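Visitor: I would like to learn how to read salt bridges in a model. Please take me through some cases.

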Amino acid sequence: MHQRTDFEHILASPTEAYEEGLRFFMGKGLLNNALRRVASDLEEHGIDYSVIGAVALNQHGYRRFTEDIDLLLTKGGLEKFREELVGLGYRPAFECSTKKFRTARENVPIKTITSGDYPGDGLPKPVQFPDPSESFVVIDAVKTISLEKLIELKLASRMTAPDRLKDLADVQELIKSKSLDVSFAESLGSSVRDEFLKLQKAVQQLRAIKLE
């Protein structure tokens, strides 16, 4: 049925959205199918990329359902994506959209962020979105932003945008799922290091309480 092959239609149904979520966590489902094809298409067209956002969280082991694919591209890579892939399996999310797209097959949203942009409030700060070719690891054949840079970006986002509470929760869950200790702070930029240590301490205290 058409409803089972259109991602937006699936999300509109609580039952089908739940089932899609289960498939997603098993590495299956429409979003994962789209993710693998996006990665393959970008590689084939020589476009440097890394996945960020909730997809990256899942790649690094923190299971959280998401409704889109976030891509980190260079400005040149984004232009190449528009020139070579829009109309060939991808389309703008809405008329005149230059950074948001959808897959033609599953109707999965794709959001792009370009290297050099700033997280959170978008204003200049010590932490920037990196060149995708410089801060990534390959997980299940998908280039994924490194754990260090993912945490750094989320901390910088939360510290400068009060409405980004989810970023704080994401970092806490990564600390739990990856068992990150205080030494991990050394791999982060100095502007976010203290914030990480506060969260890591809070996670450790909560664990201690649960063990009592």
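Guide: What follows is a short walk through charged pairs. This is a predicted model, where local features need pLDDT of at least 70, side-chain atom pairs count only at pLDDT 80 or more, and totals for chains, interfaces and linings use all residues. Residues are numbered from 1 along each chain as its sequence is written, and side-chain values use heavy atoms, with hydrogens and water left out.

Visitor: How many salt bridges does the structure hold?

Guide: Side chains of opposite charge can pair when their charged atoms come close. The cut-off for a salt bridge is a side-chain nitrogen of Lys or Arg within 4 Å of a carboxyl oxygen of Asp or Glu. The structure holds 14.

Visitor: Where do Arg-82 and Glu-79 lie?

Guide: Both are in helix 5 (residues 75-84), 3 residues apart, so about one helical turn separates them. Helices are DSSP runs (H or I, at least four residues), numbered from the N terminus.

Visitor: Is Glu-20 buried or exposed?

Guide: Buried means under 20% relative accessible area, exposed over 50%, partly exposed in between (1.4 Å probe, protein chains only). Glu-20 is buried at 0%. Its salt-bridge partner Arg-23, with closest N and O atoms 3.1 Å apart, is partly exposed at 30%.

Visitor: What does the pair Lys-154 and Asp-170 tie together?

Guide: Their salt bridge has its closest N and O atoms 3.0 Å apart. Lys-154 lies in helix 6 (residues 147-160) and Asp-170 in helix 7 (residues 165-178), so the pair ties together parts 16 residues apart in sequence. Lys-154 is buried at 8%, and Asp-170 is buried at 2%. Salt bridges also link Arg-64, Lys-154, Arg-164, Asp-167 and Asp-170 in a network.

Methods:
Helix = DSSP H or I, 4+ residues; strand = E, 2+ residues; numbered from the N terminus.
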